[in-house]
Amino acid sequence: MRELSYDAAVIGGGAAGMAAALEIRAAGLSCVILEREDHLGGILLQCVHNGFGLIEFDEELSGPEFAERMEERFRASGADAYLGVTVMDVEDAGDRKVLFGYSAEHGILRVSVRAVVLAMGCRERNRGNIRIPGARPAGVYTAGLAQRLVNMEGYLPGKDAVIIGSGDIGLIMARRMSWAGAKVHGVVEILPYPSGLTRNIVQCLHDFDIPLYLSHLTTGIFGGDRVESVEIAPIEDGAVRFEKAFRIPCDTVLLSVGLVPENELSKKMGVELNPMTNGPWTDSRMMTNVPGIFAAGNVLHVHDLVDYVAEEARRAGAACARWIRGEGPGRELRVKAGPNVRYTAPCRVGPESPNKLYLRTLIVKNDAVLEVRLDNRVVQSRKKAHIQPSEMISVTLDPKDLAGAGPDSVLEIAIL
Amino acid sequence: MGSKNAAGGIFDVAIIGAGVCGANIARRLSQYELDVILLDKEADVSFGTSKANSGIVHGGFHHGSKYLKARLEVQGALMFDRLHRELGFPFRRCGIVVAALHEDEMRVVDQLYRQGVENGVIGIEMCSRERMLELEPKLNPDTVGGLYAPAGGIVEPYRFVFSLVESAQRNGVEVRTSFRAEKAEREGDLWKIRAADGSFLSARYVVNAAGLFADEVSRAFGAEEYTIRARKGEYYLLDRMTRARPDRVVFPVPTSVSKGMLVVPTVEGTVLIGPTAEMTDDKTDTATTREHLEMILGNARAMIPSISENDVITSFAGQRPVLEEDFYIEPSRKVPAFIHVAGIQSPGLTASPAIGEYVKDLLKESGLRLVERPGYDPVLPERPRMFDIDHYRADALVAEDPGYGNIVCRCEKVSEAEIVAAIRAGHTTLDGIKYFTRAQMGRCQGGFCTYKILKILMRETGMGWDRITKRGAGSELLSGRL
Amino acid sequence: MAEQLICITCPLGCRLEVERLPAGGLSVSGNRCTRGARYAEEELLAPKRVVTATCRALPEDRCRVPVRTAAPFPKEKAGDLIRLLYSLEVRLPVRRGDVLVPDALGTGIPVIATRTLD
């Protein structure tokens, strides 16, 4: 068994992993990325469409370009990366952690480190998760799998598709399938509003005259050996009108019904998860309840922009380096998700230093107000022209916002 | 799966249907100096009733001793330990509890107990509420009492079939898939069997173990007329991370119609809940329905309240072949050298090893000469699975074959080498690989690994992209190349 | 006849009503800021999209080469460009930014590779 030793290990070499590793190296510590695929960049490489990098690189890039530019910075940092290594286990060994990575090239790697940054990303929810009944024919794919097949492997998974869920990957795949020569017969969304960006509704659906069925439940998938149709029923006044159900003939169903942080490994290590995000609870430094284990990016909560992922992961990497150096945490305040706020990440802030939080709202609203209250006193209030659950909101808190916080103070973030 | 004999070869016994019955019969016959062929119309073995059922080795108390199926159930259940040692399929005697939620159900429990004792089941026990909650702490605290059958167990049904077939093959049995026996006629002492694709073969004896389609096969041979009806059972599968996993199989108190919906801690660590029981007209209909799935959740929660719909990773349905109350296993009275193994519904999986034995005896009585084959080897070599082994053993394996280090299915920890082994064992559809290795069976349901498996499958078999299927012709996965 | 548009410049998604004036030019309403009018103008008179695709790599067993137009491309020609790009073969190695089609369909807009593949 090959043994390696570093100050820190980052699990996952996507945007989050590379950004975290960069910061750890920048602090003068040794760092290794363990990545299960044979390339860095993660899922970005199959996202060949543009729309990435406006914040991180100040220009609009495709997924592969974002990944490659990030990788160039990463390579320049001098951090190591092992590719084709799947981390199967992390053991606690006193003040060190021992990771077991499985690899065809290196056998089993035993990697001993002081701290770990979790950056495994997320996975797609599937048919079982949303319990679509019906037959089990060939031709049902998650949108991300279809994206991989089309964009990287060069295969068309079907000729007549229906897309369930109006998340951005589903919308992007509606356009991609159309461009690749398939006919997309509709996108079905259970909510009364689309889950994806308006820009994608316009450029991926309207450009191709693809119908969007809002407030429709998918009530069944039909077919023998291969998909033959999808049945959907309208939802009116909160009730599914099964008697109005109708079938859309198709040979392919793509599912774009949400993403879930991939925390199986975290759970094995004893990391506690927030049921609102399915990602770990962390303090203001992005450290989980297990000392020395940090989390960032989509493994912490599902982001909508890779630019935010990179920004968050850089903070986690820097915090990880400080922790290794023995810079302990200051006093921390709990952050409460107030009215109309689904969650905040992280869920603690440090009153002595600047803090950045990401949050998601529960509502769709124009002219909303975001309020930060310290023990019921409003310390920050900001107008938001438009908010919706699918668009992440960021909040920056300065020490002056948190001045006067006592040991039992509670910080609440609300949307009104 | 390939063919070592030329088309038109003559076999001593042809077994039609490579489900759990056909596989057991084939393996049993592989101990003798016989040319045996196992046929199936599907692209792989175990693709019918045997792949979608509860996977229970029953406790021997559900049926009265007057039935053949009760005798075969008790006998078959006892044979599993040895089969498990020889073949290594996943099996565990975790015990079965029957939970009564109302006092009036205890009358039925009492009757089950006496039935079990009469059937000769060892260790069966009537339980108080306290004993039940001690045996299974996750049970509904309103449980009033129940029954405990410690010898009951769980098995992964398709892997049971795969290992039986593999063992039979190693001992000379030929397997031919995608062979739909459509027509048969007598030619002297032989049955000449024609397949839908025009190929044919001849056999001295025929065993009809065609499950849901045993009636059609019987008709094709001019044997007895009967109608197999299909009873559909729907299931939910829960993630192995669920907190609701019981230690034992939990049954409700049965009704006159069915054994009811169970909660099964599968051998692989997931939890299965179901099945429903609904007669259908279409034997190929394995669709699930919203109402039934809701019913399953409701019923399962009545026994184990902590079951959550958030733990569901997939749903599926299977069909059981229903003929009459009892199994129908006997030689045809209408045509020679033809044995019916029909109407094998529950407890068919449990009884199947005994069915193998029983059919071997029927063939012998019908004149088949059984001479022990000297080279017979009942033991299958162990197939390493990354899921089961520690890091040190894993490291040694990767040194032998780097394919073991490439984890293809991260949810179920399946390596490339295991997928290659499945393909080399003849499982060349995505479903075949799934049932053999468990890749695509975990929480992501193939979202991450499907494309990797496609590529390995093409590389290993040389098949083009247009020949890759989910479960045989018609279920092609891809429709074009860019 | 007013035409309906959703402004995609920001997440607000203003619903625009646009009328073509007889004298030429547009009358836009429903926008909350001037960017809405500008968007309507471009979207109705000269709509453009960044076109992205992947090309077959040579040798054949390699990963496909992702590509995009170096600038937004006339929408009405996007279908033709996509067909062209999906029939293109690119011999490896290729570097990110390499120009694969210098002047796509006479627009003067180049198509570039977006990933380095050795």
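Domain bounds here come from an automatic or database domain assignment. This is a predicted model, where local features need pLDDT of at least 70 and side-chain atom pairs count only at pLDDT 80 or more, while totals for chains, interfaces and linings use all residues. Residues are numbered from 1 along each chain as its sequence is written, with chains lettered from A and ligands numbered from 1 in the order in which they are written.

**View 1. Chain B and its domains.** Chain B splits into domain 1 (8-92 + 153-226 + 323-380), domain 2 (93-152 + 229-320) and domain 3 (386-467). Taken over C-alpha atoms, the centres of domain 1 and domain 2 of chain B sit 28 Å apart.

**View 2. Where domain 1 of chain B touches domain 2 of chain B.** Domain 1 of chain B puts 28 residues into this contact and domain 2 of chain B puts in 35 (two residues are in contact if their C-beta atoms, placed from the backbone, lie within 7 Å). On the domain 1 side, β3 (56-57), α2 (68-87), β4 (91-92) and β8 (153-155) of chain B give two or more residues each; helices (H or I, at least four residues) and strands (E, at least two) are DSSP runs, numbered from the N terminus. That side divides into 13 nonpolar, 13 polar and two charged residues. Ala, Val, Leu, Ile, Met, Phe, Trp, Tyr, Cys and Pro count as nonpolar, Asp, Glu, Lys and Arg as charged, and the others, Gly among them, as polar.

**View 3. Helices α1 and α5 of chain B.** α1 (residues 20-29) and α5 (residues 157-170) of chain B pack at about 30 degrees, axes 8 Å apart. That makes α1(B) roughly parallel to α5(B), a label for angles under 35 degrees. Axes are lines fitted to C-alpha atoms, for helices over the stretch in contact, and angles run from 0 to 180 degrees between N-to-C directions. From α1(B), look for V20(B), A23(B), N24(B), A26(B) and R27(B); facing them from α5(B) are P157(B), F160(B), V161(B), L164(B), V165(B), S167(B) and A168(B). The tally for this contact is nine nonpolar, two polar and one charged.

**View 4. Chain C against chain A.** Chain C brings 20 residues to the contact and chain A brings 19. On the chain C side, β5 (52-58) and β6 (65-69) each supply at least two residues, and β5(C) has the largest share, four residues. By class, the chain C side has nine nonpolar, five polar and six charged residues.

How values were computed. Angles under 35 degrees count as roughly parallel, over 145 as roughly antiparallel, 65 to 115 as roughly perpendicular and the rest as oblique.
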